[in-house]
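Reader: I have a model open on my screen and would like to talk it through with you. Could you show it here first?

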Amino acid sequence: MAFVASCSRPEGATTGSPAPDGTRTYLIGGNWKCNGTIASLEQLVSDFNAAGPIPANAEVVIGAPAIHIPLCLMTLRKDIAIAAQNCSLTGMGAYTGEVAASQLKDMGVTWVILGHSERREGFGMAGEDSELVAKKTKAALAEGLKVMLCIGEKKEEREAGTTMDVCASQLKPVAEILNKEDWANVSIAYEPVWAIGTGLTATPEMAQETHANIRQWMSDNVSPDVASAIRIQYGGSMNGGNAAGLMAQPDIDGGLIGGSSLKMDFFECIKGVPSS
Ligand SMILES: O=C(CO)COP(=O)(O)O
């Protein structure tokens, strides 16, 4: 039990979820992707632990590589929650190489990133389609995990003017499989693929336009209540220099940050959370 005790985050340690009055809190996710060694991540954790306070209206989550989740659970400051970057569609069983949502939950992980464009693309393997992402979302929620659900268009899709069609086609299978209550534990991460890792960020106005369209789609296709409560994070070359401008937009409720989350710049992004 000593291991579990050292990993656990007390209930309420991360501010989490929409505030009781129905206003949205900010959600700042770091996605470390497949990066880090014990040495580099111990250094990063130590730097994060020494950084300043997290604003009361923000929830911070780090998506660690699966192998480094225990290191993060044990050593990262307890006001930062831990996310996995994927989970299995299945429960435990004969599924070599998979990690089940129930195992993540058992370990003390509270979030999972699903549907990231890199996993949809597949990097040389079969990628994940929107139906699979929807089923994984349902499976993760059923085990009590919260989900950062990634959607977003490619460059050629934006240029063809189909950004919202793409986002809607990625959201539709999820909306078909989730109950209205399930959405309380989902955040949508809008990550235009052309902005990921490229240094090309959507301008605050461009991002706001798509976020507002996503919220409208949720209102029309799920419910107005869910649409107004759900957090929509922006991802794609977010950094300490542009985070505040993005999060100042009315429908941008945080970020999902790749490269900058592997540096102290992550805390500059956190400082960009508007004061409420
Ligand atoms: O993919 C991302 C987060 O999930 C964004 O990555 P970058 O911040 O490196 O562009």
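This is a predicted model: local features need pLDDT of at least 70, side-chain atom pairs count only at pLDDT 80 or more; totals for chains, interfaces and linings use all residues.

Reader: How many helices and strands does the protein have?
Author: Helices (H or I, at least four residues) and strands (E, at least two) are DSSP runs, numbered from the N terminus. By that count, the secondary structure comes to 12 helices and 8 strands.

Reader: What is the radius of gyration of the protein, and what does the globule rule give?
Author: The radius is taken over C-alpha atoms, and the globule rule is 2.2 Å times the number of residues to the power 0.38. The protein is as compact as a globular protein of its length, because for 276 residues the rule gives 19 Å and the radius of gyration is close to that, at 17 Å.

Reader: What percentage of the residues is buried?
Author: A residue is buried if 20 or more other C-beta atoms lie within 10 Å of its own, exposed if 12 or fewer, and partly exposed in between, with C-beta atoms placed from the backbone. Of the 276 residues in the protein, the buried ones make up 42%.

Reader: What share of the contacts comes from residues 24 or more positions apart?
Author: Two residues are in contact if their C-beta atoms, placed from the backbone, lie within 7 Å. Taking the contacts with a separation of 6 or more, residues 24 or more positions apart account for 72%.

Reader: Which residues are closest to the ligand?
Author: A residue is near a molecule if its C-beta atom, placed from the backbone, lies within 6 Å of it. The ligand is surrounded by 14 residues, and the closest are Asn31, Ile196, Gly235, Gly258 and Gly259.

Reader: How many residues of each class are in the shell around the ligand?
Author: Ala, Val, Leu, Ile, Met, Phe, Trp, Tyr, Cys and Pro count as nonpolar, Asp, Glu, Lys and Arg as charged, and the others, Gly among them, as polar. On that basis the shell has 4 nonpolar, 9 polar and 1 charged residues.

Reader: Where in helix H8 is the kink?
Author: The bend at a residue is the angle between axes fitted to the seven residues ending there and the seven starting there. In H8 the kink is about 30° and comes shortly before the proline Pro173, at Leu171.

Reader: What distance separates the end C-alpha atoms of H8?
Author: The expected span of a helix is 1.5 Å times one less than its number of residues. Helix H8 (residues 163–177) has 15 residues, so it should span 21 Å, which agrees with an end-to-end C-alpha distance of 23 Å.

Reader: What covers the buried residues of H8?
Author: The buried residues of this helix are Thr163, Cys167, Gln170, Leu171 and Val174. Their cover includes helix H6 (130–142), strand E5 (146–151), helix H7 (155–159) and helix H9 (204–221).

Reader: Which residues does Val174 contact, leaving aside its neighbours within four places in sequence?
Author: Val174 lies in helix H8 and counts as buried because it has 26 C-beta neighbours inside 10 Å. The contacts of Val174 are with Ala134, Thr137 and Leu149.

Reader: Is Phe123 buried or exposed?
Author: Phe123 lies in the loop between helix H5 (117–121) and H6. Its phi is near 35°, a positive value in a residue other than glycine. With 8 other C-beta atoms within 10 Å, Phe123 is exposed.

Reader: And Ser237, buried or exposed?
Author: Ser237 also has a positive phi, about 55°, although it is not a glycine. Its loop runs between strand E7 (232–235) and helix H11 (243–247). Because Ser237 has 21 C-beta neighbours inside 10 Å, it counts as buried.

Reader: Last one: which residues does Val99 contact beyond four places in sequence?
Author: Val99 is in the loop between strand E3 (80–84) and helix H4 (101–107). It is partly exposed, with 19 other C-beta atoms within 10 Å. Val99 is in contact with Ala66, Ala84, Cys87, Ser88 and Leu104.

Technical notes
Residues are numbered from 1 along each chain as its sequence is written.
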